[in-house]
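Could you take a look at this one before we talk?

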Amino acid sequence: MYVDEILQAAKIGKWNITIVVVILTAQAIIGSTFAFYQIMFGKMNFECKEGRTNMNECFDIYNNSSSACTSFTFYPGKEFDDTLRSKFQLVCDREHLAEIDVNALFIGQMLGSFFGALIIDYFGRKFALVTGCIVNLLCSLTYLWSPNFYILMIGRCIESFFNVVVFIAGLIYLSEAIPSKYAIYGTSSAEAIFGLGTFLSAVVSIVVRRWNVYLIIRLIMPYSLIILSLIFIDESPKWLLEKRRIQDFNRVVHKVFRLNKTELTPTIESYLDKMDLDEHKAEVSLKFWQLFQTKSTAFRMIALSMCWLSAANIYYALIFGPELFHLDVHTYLMISGLSELPATIVHMMSANKIGRKSTQIVFSFLSVAFLILGTLLSENLIIIKLIAVCFNKLTATVIFLNVHVWNAELMPTPLRAVGMGIASFMGRLISVALPQLINDISIYIAYFPIMFFLSLGIIAIVFALHLPETKNEIFPETIKDYENFGRKCTPH
């Protein structure tokens, strides 16, 4: 008997709803960090005088005044009274440090993709969620009390590491806590709530003009709430069974039926009483390198990594959105956040109708097309430009969410988080140098960003064509199923 059959018999009730609410709240908090970076490190409205690098040799690019950078006079109504960029004076000869902070962000995400997956699979979904929230809460304090920029950068790297841990653990837990026929709705909703967090964070930033007050509202209070909430949810029953923690598994199953006000069937009760430890023993000893043990499975991991390369870099390139599209950061972030909800609905409809494979191919093409359109359009065509931005964000979100779902469905159950982590890690390698690629090379090649993201879209399409479809298929449970998946033989 599968755990999914037990969850279906228990029906949807208080137990499932509690987990969904807690995890979606965590996703909203992670989404708010997306807005926080762009606002707190947003570029000041100053430029250095030609040939000068001294902090006092700046002028206001709007009024063409000779105000010193050290006064940190921001364009009225557009920026904070002060930001982390002003706190650490990241202008002129220190402006490059802001790009290094983006490097730290992407390094943390890359490492979190792989090593975070090991934490999730080894210690459990709940442990990863609780630990990630606690560490991120502590890291947020470095923004308030960091004595210098380098301590802040280390805290930023650690925070982004555990942001990925919380995000992936949440997606996996949602897929395991909800019966499989409803799972895609849970995982897709996580992305919509992520966008809601981005939107609300941008709205709060307009009202609250001091970055330290904004930080307390945005991070400390919600994280304190989520830590308390996580104390009251259970570990994933699928993970408990996989790790042969039978007593804990039985306790959670009984709690599920009790909270959902559903009676245990005689069949399930008999199954719980006579569980065989050896039934799951073989799969527990699986190692991640077994995902590469044949040529076909190794190629599958490489192809997934290339899809991640495209999806992750196009999605996280939205950090540079205000500069690429020449829009006010607050307007851009609110549009960006609101685009997540329709993107979630589009993904659910597309993935269920045409499948994961076709969704990845079609929306990779559309994402790059709207990115190019939004970049090339004149600022005089502001309405058309905003529409292009909305559709770029929507399509980028669809492929980013789809690669999570597709990757998870292609992996065998015991190595699901690790398989996602490996592909994500390999796909994010280039993102570490993304700020320098975008900013530095663009000086010599004006259309480099367009060429770069166009090539990513082509890469995703080519490799996606060589991956199997998972729609209406039995997902691989064992390593043997994983090896045979997509062939004529059916996984058992």
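**Cysteines and helix pairs**

1. Start with C157: its sulfur has the one in C139 as its closest cysteine sulfur, and at 9.3 Å that is too far for a bond. Keep in mind that we're looking at a predicted model. A disulfide would need the two sulfur atoms within 2.5 Å.

2. How many disulfides does a search of the whole structure find? The count comes back as 0.

3. One more cysteine to look at is C133, which is buried, with a relative accessible area of 1%.

4. On to the helices. Two packed helices are described by the angle between their axes and the distance between those axes. For α4 (residues 96-123) and α6 (residues 149-177), that gives an angle of about 40° and axes 7 Å apart. The crossing of α4 past α6 is right-handed. Sorting the residues of this contact gives 20 nonpolar, 6 polar and 2 charged.

5. Then there's the pair α16 (residues 340-353) and α17 (residues 355-376), whose axes come within 6 Å and cross at roughly 125°. Angles over 145 degrees would count as roughly antiparallel and 65 to 115 as roughly perpendicular, so α16 and α17 are oblique to each other.

6. Who makes that contact? From α16 it's V346, H347, S350, A351, N352 and K353, and from α17 it's G355, R356, T359 and F363. By type, the residues where α16 meets α17 split into 3 nonpolar, 5 polar and 2 charged.

Terms used
Residues are numbered from 1 along each chain as its sequence is written. This is a predicted model: local features need pLDDT of at least 70, side-chain atom pairs count only at pLDDT 80 or more; totals for chains, interfaces and linings use all residues. Side-chain values use heavy atoms; hydrogens and water are left out. Axes are lines fitted to C-alpha atoms, for helices over the stretch in contact, and angles run from 0 to 180 degrees between N-to-C directions. Helices (H or I, at least four residues) and strands (E, at least two) are DSSP runs, numbered from the N terminus. Angles under 35 degrees count as roughly parallel, over 145 as roughly antiparallel, 65 to 115 as roughly perpendicular and the rest as oblique. Contact means heavy atoms within 4.5 Å. Ala, Val, Leu, Ile, Met, Phe, Trp, Tyr, Cys and Pro count as nonpolar, Asp, Glu, Lys and Arg as charged, and the others, Gly among them, as polar. Buried means under 20% relative accessible area, exposed over 50%, partly exposed in between (1.4 Å probe, protein chains only). A crossing is left-handed if the near helix is turned anticlockwise from the far one by less than a right angle, and right-handed if clockwise.
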